[in-house]
Amino acid sequence: MSSFVTEVLASSGKLVKEDLANKICKISRKVEDTKEEVCDMMNKKYNEFHPSLQASEDLMLQVDSVSREIEALKNCIEAEVCVNQFVNNMLKLQQSNSFGGLFGFSAMEDFNKALQEKKYVDAAHHLKRAKSSVDSLTDSQTSQLSLIGTLSSELTVQRENLIFHLGDEWKRQVIWKLSPSKGNLLRKRFFLLSYLIFTAELMLSGASSKDGEPKPPASLLEYLSFLCFEKCSYEVNKGFLWMVSCFSGQVLLKNMLKPLVMHASLLVRVSERQGEGTVLALQCLEESHEEKILCVNISLDEPEIQSFSVSDVSIGDKKLAAILGELIWEEISQCIIHECLVYSIPTNSSELEKYNAVIKETEEFEKALKQMEYLQHDSTDLLKYARDVNCHFASKKCRDVIVAARKLMTSKMHNTVKITPDSKPCLPKLPAPMPEVKQEDVKPEVTMENSKQLSVWRLPACRISESVQQLMELAINTLVEAVGSSTQTAFQLFFTVRNIFQLFYDVVPTYHKENLLKFPHLAAIQHNNCMYLAHHLLTLGHHFRAHLPKPLSEGVATFVDMVPGFRKLGAQCFLAQVNVQRAELLERLSTAHNFRNLDDEDNYIAASKAVRQVIHQLKQLGTVWQDVLPVTIYCKTMGNLLNTAISEIITKIMMLEDISSDEGEHLHTLCQTVIEEGPLVFIPLVEETKNKKYQEEVPLYVKKWNTFKELVIVLRANLQEIVDRWADGKGPLVMEFSSSEVKSLIRALFQNTERRAAALTKIK
């Protein structure tokens, strides 16, 4: 069997080897065939490529030859064109007879010579002549010559050079000398805040230049006129603007004009100094209480100032005064408005008629400036502000009212005044209602006199902050100002009054937040303040509504919507303080160790101390709030606090499971102290005899007062007395305690005996 298997395996191996040999032979033949095909294909491709390459090289040689011929022809044509163009340009230049003007050699030489000799006017003429020549050729067909651009650049350089020399000369002749210490300026009787020194040419004086230098032949203004304002289409240069601003811009404005506007005691003095020129100085006079604008106007009318005016000096087509006005008028007019006219606005409507004098002075002021040509005839900035006095009056009045109101709100609250039910705000007698308001549309007014018959309008006696009373007077006076004013003014004033009360609502609780939580006295005053404002806001708008313009007279003029907010604000403030006091009472009682083990001396001392501290705190609060809070609020608040203390004591005693006879006696003593001292905390009035009534009405204000008294009786009673006070569910004890609470007390007070069990069965 094994030999047969061996033969089968041997024959199968031979077959596999024969198959591999056949496959190798086939692959070799295929490789040889592939090589032959590749060689044939490469030979065919080369035979086709070689003739194409040769043809391409021949074409490249031909192209290079043609390119060289084209470049040679181009150079020949350009040379011929340039020669013809140059000949034509030379002919045109000679025909126009402007070759010498174009290059301007003589003009430039004359300019340099005049500049060295400081003959700036002649230099400007030569520069102008050279520029005219360049401009005339720039517009012609020769403008593309490179020499034209070179000459234009040289002309610009020389112009800047002339401006530099003029600036240097300007600095030498226009000198500002400022005081080294600005803080001491106003302390001096006479000081030179700043002054200008001009040469003879500008000020017609015989001053010569320093160091023996030749003085210029004409004023700097004349030089500048040739430079920038002649009709030669010259652009205004930044260097010139800087020089003009040195004379009339920010330096003059800051050191001369603004001090004159801001300080009424300053006055301009013009003097001549031999060898130096004209000097402008500021003199400090006595302090003046007149309107600042009047002082400015007077200074313009001084003869020295009129003689110093530059209105006759022109720079080209424009007067120097007009240029100065354009540069500084906007800023100086705003300075005059904010430093002078603002303070002249009346503070009340009765002074509006007197403001006509200020308007007249303002007109004269602008008229004087226009005559001196500093202002154009259409410049009326100051007059617009002065004539719009009604708008400014309303804005200023509103601003002053808000500032005054905020000052009152941030003042001390403890300065109080007494308010009684008969107290009335000082409401003035108002004129008849406005004609446009129909009488049938106006409801009958509920006056403050009628409030005596209406208890709902009566404000209980209390104390409020003096600042709040003044705040209400301020609001009433502002509304009085609105009566009879223009519609716009009345609107602004009315809503300013509303803003006052809204500001009080937002500012006072935040500004006085810590004090309102810390001091019970201030919390009570804030409560009264809010109730006082809410009380008067009910009728304040109704009192003035018929006297205000539409739509205020049609119902818009009301403050009733603000009343709930003020009442809530006062209640929240006072309730927060009551919660603080309640927490302190509970904290003091927590030191009594829950009234346990009072037979221990230390525990009894701690409990007795806690009770005394509670009574002392309540008496202190009663004294602090005495004659401050309304009697009703006072009694309810003190009753609530006393009820808190009593409820806590009752709760702690009811939690005791075992009360010995000594402990019961101690508890009775402590509770009896509360019963005796508790009513004495009710002292709402200063007169002691009048407080007895409220001390007798303690059960009306202390909810747990009768419960506490029953507890005191039970602590010292025997079983029979307790059963008698229960009286089968009909006695006084039933009104204060439930049966389970009474049974709990009996179990704590008495030992477990048959008598106790019998008593417990009777408590049902």
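# A walk through a predicted helical model

Phe595 is found in the loop between α20 and α21. Helices here are DSSP runs of H or I with at least four residues, strands are runs of E with at least two, and both are numbered from the N terminus. The model is predicted, so local features need pLDDT of at least 70 and side-chain atom pairs count only at pLDDT 80 or more, while totals for chains, interfaces and linings use all residues. Residues are numbered from 1 along each chain as its sequence is written, and side-chain values use heavy atoms, with hydrogens and water left out.

Stay with this loop. Phi of Phe595 is near 55°, a positive value in a residue other than glycine. His593 sits in the loop between α20 and α21 (601-624). Its phi is also a positive value in a non-glycine residue, near 55°. Are these residues buried or exposed? Phe595 counts as buried because its relative accessibility is 3%. His593 is partly exposed, with a relative accessible area of 46%. Buried means under 20% relative accessible area, exposed means over 50%, and partly exposed lies in between (1.4 Å probe, protein chains only).

Now the whole protein. Its secondary structure comes to 30 helices and 7 strands. Of its 764 residues, 41% are buried. Take the contacts between residues at least 6 apart in sequence: 73% of them join residues at least 24 apart. Contact means heavy atoms within 4.5 Å.

Aromatic rings come next. Rings of Phe, Tyr and Trp (its six-membered ring) pair if their centres lie within 6.5 Å; planes under 30 degrees apart count as stacked, over 60 as edge-to-face and the rest as tilted. By this rule the count comes to 9 aromatic pairs. Phe494 and Phe559 have ring centres 5.3 Å apart and planes at 50°, so this pair is tilted. The pair links distant parts of the chain. Phe494 belongs to helix α17 (residues 487-511), Phe559 to the loop between α19 and α20 (563-589), and 65 residues separate them. Both are buried.

Phe559 also pairs with Phe501. That pair is edge-to-face, at 5.8 Å centre to centre and 75° between the planes. Again distant parts of the chain are linked: Phe501 is in helix α17, 58 residues from Phe559. Phe501 is buried, with a relative accessible area of 0%. Phe559 has the value 0% too and is buried. Which residues do ring pairs link into a cluster? They are Phe491, Phe494, Phe495, Phe501, Phe504, Tyr505, Phe559 and Phe566.

Asn529 is in helix α19 (residues 520-545). At 1% relative accessibility, it counts as buried. A polar atom of the Asn529 side chain lies 2.9 Å from the backbone nitrogen of Ser465.

The side chains of Gln577 and Gln581 make a polar contact at 2.8 Å. A polar contact is a pair of N or O atoms within 3.5 Å; within protein, one must be able to donate a hydrogen and the other to accept it, and residues adjacent in sequence count only if both atoms are side-chain atoms. Leaving aside neighbours within four places in sequence, Gln577 is in contact with Leu516, Leu517, Lys518, Phe519, Pro520, Ala523 and Trp625.

Further along is Glu677, in helix α23 (residues 661-677). It is partly exposed, with a relative accessible area of 24%. Its contacts, leaving aside neighbours within four places in sequence, are Ile615 and Lys619. The C-alpha atoms of Glu677 and Lys619 are separated by 9.1 Å, though the two residues are 58 apart along the chain.

Finish with a helix pair. Helix α27 (residues 719-726) packs against helix α30 (residues 754-762) at an angle of about 5°, with the axes 10 Å apart. The two are therefore roughly parallel. From α27 the contact draws on Leu719, Val723 and Trp726; from α30, on Arg755, Arg756, Ala759 and Lys762. These residues divide into 4 nonpolar, no polar and 3 charged. Axes are lines fitted to C-alpha atoms, for helices over the stretch in contact, and angles run from 0 to 180 degrees between N-to-C directions. Angles under 35 degrees count as roughly parallel, over 145 as roughly antiparallel, 65 to 115 as roughly perpendicular and the rest as oblique. Ala, Val, Leu, Ile, Met, Phe, Trp, Tyr, Cys and Pro count as nonpolar, Asp, Glu, Lys and Arg as charged, and the others, Gly among them, as polar.
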